[in-house]
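Colleague: I'm new to reading protein models, and I'd like to go through one feature by feature. Could you walk me through this one?

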Amino acid sequence: MAVAGIITEYNPLHRGHLLQMERTRAILGGETAIVCAMSGSFVQRGDFALVRKHARAEAAVRSGADLVLELPLPWAVSSAEGFARGGVEVLSATGVVTHLSFGSECGDAAALRETAALLDSEAYRASLRRRLDAGMSYAACRQTAAAELLGTEKAALLAGPNNNLGVEYCRALARQESAIQPVAVLRQGAAHDGAAVDGIASASAVRALVRQGQREQALALMAPAMADIYLREEAALRAPVLAETCERAVLARLRSMTEAEFSALDEGGEGLANRFCAAAQSAATLTELLDAVKTKRYAYARLRRMALWAYLGITPGERPERVPYLRVLAANQRGRALLAQMRKTASLPIVTKPAEVRRMSAEVQRVFALEARATDLYTLAYPKLAAAGSEWTESPVIL
């Protein structure tokens, strides 16, 4: 039996995600099991997840996944490269995942693997460095350098955001010498960040509807299980979770930071610390602050991640070399059978109950403590404030 891994956020889980699981099984066989590596409380763009992680994991299992493992915080809120690397590490460490399924605009895994190999070549790195030194944005440099070496047509793959992430998955698989095989599922419906097409909207479009107060329209675009769980979380005053709720707390943190502390957040060492430090003293909103820091060279997602890292009190340097554990968020009966198999095949310790962490290595305890602190800060954005400490008490959802 094939076991397909999906690296995801499900923020929120929508009908396009259902289609991906359906098509994955159509490609690999109807009995294919699905294991997700899913972001927790915070997501890759530097934002709060709309709904808490255990609720999203439950929605995933009720929608076709069999087992949901957490992508730990330091990788969940990283660049596309770090996000992909962490997700592949989680899936590879299970010892049971045979394929990695992801959506893409081209649906051509072989073409994405070819592009991935190029991006790890010395010729590409040299071309990229020349363009970065000239002050171009990273995305523009990447596209131009790839076109120089691959040709315009093949390099055009990188213009698709899902293709781009697929390339990073392929790079991570190659670098880790993983036996997992990539499966590119042709993306249909809405484009990345796009409005609904044929009843399928991007997750960002669904979140935008929630922010705009168009609740019924947002619910109609979510997967049915996600919509049900969203209503349950809303009734419990745990949803929606919006970054705006904690805006003053984030600004307070940023205003109290020194230039040296900002420097620790700047992975590229490109002078962003000065811009952040100056903007933090005058900006009255996060949007105003990010607009003040933004230049054509820096993507908003990178700046939002820096602001989020500051709020959470973490730095890129705190990310370990490798993911240190596998944490179970949700499972069904087949997922439990996979877990039993993983206890023999997994290369990392498996966390089912948080209390188990206290008997594990110092590295496991350190990363889990970061996760716990982040969740405590996440719950400050609930419509009704919740007590801290939930990370140490919440067990997986078993269906």
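Colleague: Let me start with rings and charges: over the ring of which residue does the charged end of K294 sit?

Modeller: Keep in mind that this is a predicted model. The charged end of K294 sits over the ring of Y300, 5.4 Å from the ring's centre. There is another case to look up: the charged end of R358 lies over the ring of W392, at 4.2 Å from its centre.

Colleague: Now rings with rings. How many aromatic pairs does the structure hold?

Modeller: The general idea first: you describe a pair of aromatic rings by how far apart the centres are and by the angle of the planes. In this structure there are nine aromatic pairs. Take F42 and Y378, an edge-to-face pair with 5.6 Å from centre to centre and 80° between the planes. This pair links distant parts of the chain, since F42 is in strand 3 (residues 42–43) and Y378 in helix 19 (residues 362–378), 336 residues apart.

Colleague: Are F42 and Y378 buried or exposed?

Modeller: F42 is buried, at 1% relative accessible area, and Y378 counts as buried too, at 1% relative accessibility. For a tilted case, look at Y325 and F368: their ring centres are 6.2 Å apart and their planes meet at 55°, so the pair is called tilted. Y325 is in the loop between helix 17 (300–312) and strand 8 (326–331), while F368 is in helix 19, so this pair ties together parts that are 43 residues apart in sequence. Y325 is buried at 0% relative accessibility, and F368 is buried with a relative accessible area of 0%.

Colleague: Which residues form one aromatic cluster?

Modeller: F42, F48, Y311, Y378 and Y382 do.

Colleague: What about the empty spaces? What volume does the second largest pocket have?

Modeller: The general idea is to roll a probe the size of a water molecule over the atoms, and that shows where empty space is left. Here, the second largest pocket has a volume of about 620 Å³. It is lined by 24 residues, and the closest to its centre are D47, R211, A243, L290 and R304. Helix 17 gives the most to this lining, with five residues. By class, the lining of this pocket has 11 nonpolar, five polar and eight charged residues.

Colleague: How many cavities of 30 Å³ or more are there?

Modeller: Two. The largest cavity holds about 70 Å³ of space, and its lining includes P74, W309 and L370. Sorted by class, that lining has six nonpolar, one polar and two charged residues. The second largest cavity holds about 40 Å³ and is lined by E81, R85, E168, R171, A172 and R175. Helix 4 (80–94) and helix 9 each give two or more residues to that lining, with helix 9 giving the most, four residues.

Colleague: And how does the lining of the second largest cavity divide by class?

Modeller: One nonpolar residue, no polar ones and five charged.

Definitions and conventions:
Residues are numbered from 1 along each chain as its sequence is written. This is a predicted model: local features need pLDDT of at least 70, side-chain atom pairs count only at pLDDT 80 or more; totals for chains, interfaces and linings use all residues. Side-chain values use heavy atoms; hydrogens and water are left out. Rings of Phe, Tyr and Trp (its six-membered ring) pair if their centres lie within 6.5 Å; planes under 30 degrees apart count as stacked, over 60 as edge-to-face and the rest as tilted. Buried means under 20% relative accessible area, exposed over 50%, partly exposed in between (1.4 Å probe, protein chains only). A charge sits over a ring if NZ of Lys or CZ of Arg is within 6 Å of the ring centre and within 35 degrees of the ring normal. On a 1 Å grid over the protein atoms alone, a cavity is a set of points where a 1.4 Å probe fits but cannot get out, and a pocket is an open set with protein on both sides within 12 Å along at least five of seven lines; lining residues have an atom within 4 Å of a point. Grid points are joined across faces, edges and corners, and a volume is the space filled by probe spheres set on the points. Ala, Val, Leu, Ile, Met, Phe, Trp, Tyr, Cys and Pro count as nonpolar, Asp, Glu, Lys and Arg as charged, and the others, Gly among them, as polar.
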